[in-house]
Amino acid sequence: MQDFVNWLALGSIYALVALGIALIYSIGRIVNFAHGELLTVAGYTIWWALGRELSWPVTGAMAVLGAILLACLMYALVFRPLRGAPPVTLLIASIALSIILQTLLTVFVGAQPKPITYPGWVREVMIFAGTRVAWIDVITVITTGVCLLLLIAFLRRTVLGVAVRAAAEDYVVTRLMGVRAGRTVLVTFALAGVLAGVASVLYLASTGLVHPQTGFTPLVKGFIAAVLGGLGSLGGAVLGAFLLAGIEIAILIFLPPDLRTWSTAIVFGILVAVLLWRPSGLLGRRERLA
Amino acid sequence: MKSILSGSMNPERTTLGIALTVGVVVALALIASGSSRHGQLFLLFSINVVLAAGLQIFMGLTGIVSLGHVAFMASGAYVSAILTMPGSLRATVLPDAPGWVPSGLDFASATIVAIVVTALFALVVGLAISRLKEGAATIATYALFVITGVVIINLSSLTRGNQTFYGIPMKSTLTTAAIVASLAIIAGRVLFASRLGMMLRAVRDDELAAQSVGLRPHSLRLVAWTLSAGVTAAGGALYAHFVLSLSPNQFSLVSALTILTIVIIGGQTISGALLGTLIVTAVTEFLRRQAWTWEVGNTSVDAAQLTPLVLGVFILAVLVLTPNGVLGRRELEDLIPLRRRTPLTRQTIPASESGGIATPAPPAQTSHPPSPNREGHA
């Protein structure tokens, strides 16, 4: 039961990150290596806001806004000039972007980790049916659930959301239909920013620190999750996220402690195995031949 | 010799080009032999040339980005280091190493063994990777990188795990480096210009069409992967015998990205790898020597810290302006314009003279600006 709670919480965070990655991929075949920097910058925004003694709700909102802003800048300065380029180019561009952002943070803010103090009650544990549940886990799961519902509502019920889905499915035809493609892509990036910002607030509770490479681990996990589920598929991203969380927790449970150092290798091994079996991921679209 | 280069449109020109490319390395070696500081720079340069050539053999011929080649560099480094270490030192540094592992080998033998071991390792891994399509393959190479890191840390009887592996004899002299770099370049260029290279380029450019003429993408990619691993391992060996100590964090994503940067900026050929290394080494060294510091807030920033940023901006500029890199698909010799033997002239055939049968007027000797070679050999 304890593991179930851990799994839900871990899977939720992975889901938020993986969704952001999958969204940006589906809109332009962009593998965005710089997605982690969205979380890092959101984290630094939190540190800065807390330094100004702003309240937590405001801080959280600013973190999300910071991520949105950076995401839109990424689009405007890097991905828009490169639109139409082959996926390899976009991938390399995102790697370069990630390096640039990390260097900027290291040089101008400092490589030393900055502390982020969450309110004390967040780590308080309730005993619920024999399980220790921290408030932060509850908040994480509920927030993620709400975000997912809002996202689904947006994508299904609003004109802009439907445009995003259409562009994700077939960019060219969507433009032919008269949808303003540039604006749609921008909105998608902003959405990814929202998800990253929220993920950052929830994720940093576990470490309480932010440094230039903070976003790297969530990036890798989010990637594995998105790829497992199928890069183009949003549902797949969520599925992959909970699957990954499940694998990691299962490894923790079943693997003898002296083999723990192999856990990362095992996860990646499983990833490669899945890719060999289903090259487009579990829920991914099969590539058309021509 | 010419028959090996049967994948090239002009084997004579290619042979010249190979000589030219190697010549650049030799020239730089000669220049660097003047001072020890230049010598150090040349060593770093040639290590990067070998690593870049290794990566390019895979990336240039398959078009797939590999983030995992650092694993082969590490493999080459550790294997060769274990073998060249004198027996007496072995007892202290690697007390738990199995007895049958030889020690005190010379650099050449150790490197050859390292290349073979790494190639075998790559072959096994490549069986999986060559079967994946482009995006998935790149992710798998990242998985390779991570898994290798874990393996290095865990095989501590041979690698000292997380602790520093020290006691490597200094074998990477200027001459050795120049030789290894030249060999790497020759190997890469011969491969690119060979029939095998041509088949790989066909698969790279249009997999479906290549399959329709009977080429097998998986097998071809596997060959490129294995060969590129071997060359990268040689670079790792050169590296190990230069820095004289190894630890897992030297084989990080940062090192992988440096070589990737070189290959992206330079272009998709071995000459591109060489040019990319020149550019990146020049930029890095230039920034390192800048004495100015910049006060920002309460920290001072010096130019060297901005190196990754500058390189990142370079990459973006290259991607926007010349997406295939500075040299694109050209080799060094393609920058030399071809001289046309028969100048083209416009010929008019007066209807009255020909009597119905067109006889072209003899070509006049006009001076005609030479046109540059088309991009690419394929």
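# Notebook: chains A and B, predicted model

**Chain A, overall.** I began with burial, and buried residues make up 52% of the 290 residues in chain A. I note at the outset that this is a predicted model. I counted secondary structure next: chain A has eleven helices and four strands. I then checked the radius of gyration. A compact globule of 290 residues would come out near 19 Å, and chain A has 19 Å, so the two agree. Along its principal axes, the C-alpha trace of chain A spans about 55 × 50 × 40 Å. I also looked at contacts with a separation of 6 or more. In chain A, 73% of them join residues 24 or more positions apart.

**Chain B, overall.** Chain B has 15 helices and two strands. Of its 378 residues, 51% count as buried. Among contacts in chain B with a separation of 6 or more, residues 24 or more positions apart account for 77%.

**Helix α11 of chain A.** I listed the buried residues of α11(A): A:A265, A:V267, A:F268, A:L271, A:V272, A:V274 and A:L275. What covers them? The cover includes α9 (216–229) and α10 (234–254) of chain A, and also α6 (134–154) of chain B.

**Helix α12 of chain B.** I took the end-to-end reach first. α12(B) has 14 residues and reaches 20 Å from first C-alpha to last, close to the 20 Å expected at 1.5 Å a residue. How many of its 14 residues are buried? I found twelve, so I logged the helix as mostly covered. Among the buried ones are B:L253, B:I259, B:L260, B:V263 and B:I265. B:G266 is also on the buried list. After the helix comes B:G267, with a positive phi near 130°.

**Second largest pocket.** I read its volume as about 1,200 Å³. The lining holds 46 residues, and the closest to the centre are B:V254, B:S255, B:L257, B:T258 and B:P308. I then asked which elements give two or more residues to the lining. From chain A they are α2 (35–51), α4 (87–108) and α9. From chain B they are α2 (36–62), α12 (253–266), α13 (270–289) and α14 (307–321). α2(B) gives the most, with eight residues. By class, I noted 23 nonpolar, 18 polar and five charged residues in the lining.

**Positive phi in chain A.** I noted two non-glycine cases. A:R29 has phi near 55°. A:R29 sits in the loop between α1 (2–28) and α2. Its relative accessibility is 40%, so A:R29 counts as partly exposed. A:E53 has phi near 60°. A:E53 lies in the loop between α2 and α3 (56–79). Is A:E53 buried or exposed? Its relative accessible area is 72%, and the cut-off for exposed is over 50%, so A:E53 is exposed.

**Spot check on B:A282.** I located B:A282 in helix α13 of chain B. Its relative accessible area is 45%, so B:A282 is partly exposed.

Conventions:
Residues are numbered from 1 along each chain as its sequence is written. Chains are lettered from A and ligands numbered from 1 in the order in which they are written. This is a predicted model: local features need pLDDT of at least 70, side-chain atom pairs count only at pLDDT 80 or more; totals for chains, interfaces and linings use all residues. Side-chain values use heavy atoms; hydrogens and water are left out. Buried means under 20% relative accessible area, exposed over 50%, partly exposed in between (1.4 Å probe, protein chains only). Contact means heavy atoms within 4.5 Å. On a 1 Å grid over the protein atoms alone, a cavity is a set of points where a 1.4 Å probe fits but cannot get out, and a pocket is an open set with protein on both sides within 12 Å along at least five of seven lines; lining residues have an atom within 4 Å of a point. Grid points are joined across faces, edges and corners, and a volume is the space filled by probe spheres set on the points. Ala, Val, Leu, Ile, Met, Phe, Trp, Tyr, Cys and Pro count as nonpolar, Asp, Glu, Lys and Arg as charged, and the others, Gly among them, as polar. The radius of gyration is taken over C-alpha atoms; the globule rule is 2.2 Å times the number of residues to the power 0.38. The expected span of a helix is 1.5 Å times one less than its number of residues.
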